[in-house]
Amino acid sequence: MTTPHPMPGALPPNGGCPHGPASSTTVPAGHLAIHGPEFSANPHAIYNQLRALGPIAPCEIAPGVYGYVTTTYRSALYLLRNTPEVFAKDPRHWLALRDGHVPADSPAREMMQPRQSALWLDGEDHGRLRGAITDSLGWVDTHALAATVARIADQLLDRISTRGRADLVAHFADPLPMQVLIEMFGCPSDLGQVIVNSVAKLFDTTQDSARTNADLESACLAVARLKRDQPAADVASWLVHHPARLSDDEIVQQILLVVGAGTVPSTNLIANSLLLLITDDQYSGDLHTGVRPVADALDHVLWEDPPVSNYCPLYARYQHTYEGIRLPAGVPILVSFAAANSDPALGKHSQRRAGNRAHLAFSAGIRSCPAPGLARVITETAIERVLDRLPDLALEVPVSRLTRRPGTFHSGWTNLPVTFPAAAPSATHSYGVSR
Ligand code: HEM
């Protein structure tokens, strides 16, 4: 763990904190829940209430798990730009976890516990592992990736196009990123399925999480060993043979990280964008005329409904004051990408947001997503195939009857039931992108 050091703006420990002394059992006064059905149904109502409390507000992250969350664009950037010097990412700074006050089955524990991956380390350890990941993802041929995505999309769409109705989450947005990642890593399909199914389970539920974690890690280890012996042109081989010389354990954790980080957010971006394309007049009016590109819809969603809504938990190394708010050391502060993007201080000009990439959907700074380009290739190609293959898409139920996935950390839909004119069975498809 990085050694804590004094920092600008720090106050003496526990010096008059309005939320009580910094202790692992402290419950911040006036906190609001950012979990549960009420939050999932209308997160922006809660973000507004939290914003009224201040730029960083006390919250309940999961039942019995307390912390803070940023509520403005400015405060989100402040945290992201001051890590790791002021705010550590390493969850070993989390006092409540260290003292055994985080319930064993808490979703917060699964999503925020220490792991030896780039996501959860600071300083040189982070830089070394992130460098290996960034290089390996940077070597992906995006043209080949687009062709892979189109092929996988068409295989999935072949299964539903003759039916006239489908759930675009279960039949398309869920399986597609998983299958793409399996191919990017060069995983044999049996190991790949274990990895991606387990990751999906960890995002949505905590049932039997110990077993899920064990399954995940042994499948990743099998992939690492395979690639040491038989390297190929794939991300797993590039990681295994990277000059940073990662150990088997480190490779397991980085594969786990990239698969986890790459699949669920991509699923959500595809589903959130498809819903927008189907239902929003600005987009649905010209869904099949090619006037408004899919890229604009992605920008809109990345601003308005970012797939990773609240994450990047950070820990003040010492009690710290930000704009009059005293933040105790060792208490998680989530960065809310969703609250930042919807901050009224930015002005509400969604029409001008097409092509505007100043949103925080991919985070910012040294913690930003290393793969926004790959994410765009995957999601844009996938959505374009849906629009080409399933003309006249319509939602089968009113939007009010759709349900959001549970969870504090990501934003997506559990299902997206649609209808469309059934296509005649056809054996081959062009993988060209027509919009
Ligand atoms: C729509 C798709 C995606 C979105 C919205 C997204 C968003 C994000 C965000 C917000 C973070 C920061 C999380 C944190 O600091 O706690 C992140 C990190 C990361 N993402 Fe993405 N991501 C997407 C797709 C992908 C894909 C396709 C990959 C890989 C192929 C990927 C790999 C990663 C990795 C490895 C990190 C950790 C970086 C680090 O801690 O240094 N992401 N992503």
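Visitor: Which helix holds leucine 95?
Guide: Leucine 95 sits in helix H4, residues 95-98. Keep in mind that this is a predicted model.

Visitor: Why is leucine 95 called partly exposed?
Guide: Leucine 95 has 19 C-beta neighbours inside 10 Å. A buried residue needs 20 or more, and an exposed one has 12 or fewer. The count of 19 falls in between, so leucine 95 is partly exposed.

Visitor: What does leucine 95 touch, leaving aside residues up to four places away in sequence?
Guide: Ser24, Gly330 and Val331. Contact here requires C-beta atoms within 7 Å.

Visitor: How far is leucine 95 from proline 332 in sequence, and how far in space?
Guide: They are 237 residues apart in sequence. Their C-alpha atoms are 8.9 Å apart.

Visitor: Proline 332 falls in strand E9, residues 332-336. What sheet includes E9?
Guide: An open sheet of six strands, in the order E1-E2-E3-E9-E6-E4, with mixed pairing. What makes E1 (32-33) and E4 (87-88) its edge strands is that each pairs on one side only.

Visitor: How do you know that E3 and E9 pair?
Guide: Pairing takes at least two bridges. Strand E3 (residues 65-70) and E9 have two, so they qualify as a pair. They run parallel. Within E9, isoleucine 333 is the bridge partner of tyrosine 68.

Visitor: And what joins E2 to E3?
Guide: Six bridges, with the strands antiparallel. Alanine 62 has valine 65 in E3 as its bridge partner. Two residues lie between the strands of this hairpin, and glycine 64 takes a positive phi near 80° there.

Visitor: What makes E3 count as mostly covered?
Guide: Six of its six residues are buried. Side chains in a regular strand alternate between the two faces of the sheet. In E3, Val65, Gly67 and Val69 are on one side, with Tyr66, Tyr68 and Thr70 on the other, and all are buried.

Visitor: Which helix lies across E3?
Guide: Helix H3, residues 73-81. H3 also lies across E2 (56-62), E4, E6 and E9, and runs at about 120° to E9.

Visitor: There is also a sheet of three strands. Why are E5 and E10 called its edges?
Guide: The order is E5-E11-E10, with antiparallel pairing. E5 (165-167) and E10 (394-395) each have a single partner strand, so one side of each has no neighbour in the sheet. Two bridges join E10 to E11, residues 417-419. Leucine 395 is opposite valine 418 in E11.

Visitor: How does the span of helix H17 compare with the expected value?
Guide: H17 covers residues 372-389, 18 residues. From first C-alpha to last it reaches 26 Å, close to the 26 Å expected at 1.5 Å a residue.

Visitor: What covers the buried residues of H17?
Guide: The cover includes helices H6 (123-138), H7 (142-160) and H13 (248-279). Among the buried residues of H17 are Leu374, Ile378 and Val386.

Visitor: Which elements each supply at least two residues of the shell around the ligand?
Guide: H6, H13, strand E6 (310-316) and H17. H13 gives the most, seven residues.

Visitor: How do the shell residues divide by type?
Guide: Into 22 nonpolar, four polar and two charged. Of the 28 residues around the ligand, Ala261, Gly262, Pro265, Cys312 and Cys369 come nearest. Gly counts as polar, whereas Ala, Pro and Cys count as nonpolar.

How values were computed: Residues numbered from 1 in each chain as written. Predicted model: local features only at pLDDT ≥ 70, side-chain atom pairs only at ≥ 80, totals over all residues. Helix = DSSP H or I, 4+ residues; strand = E, 2+ residues; numbered from the N terminus. Expected span 1.5 Å × (residues − 1). Contact = placed C-beta atoms within 7 Å. Near = placed C-beta within 6 Å. Axes fitted to C-alpha atoms, helices over the stretch in contact; angles between N-to-C directions.
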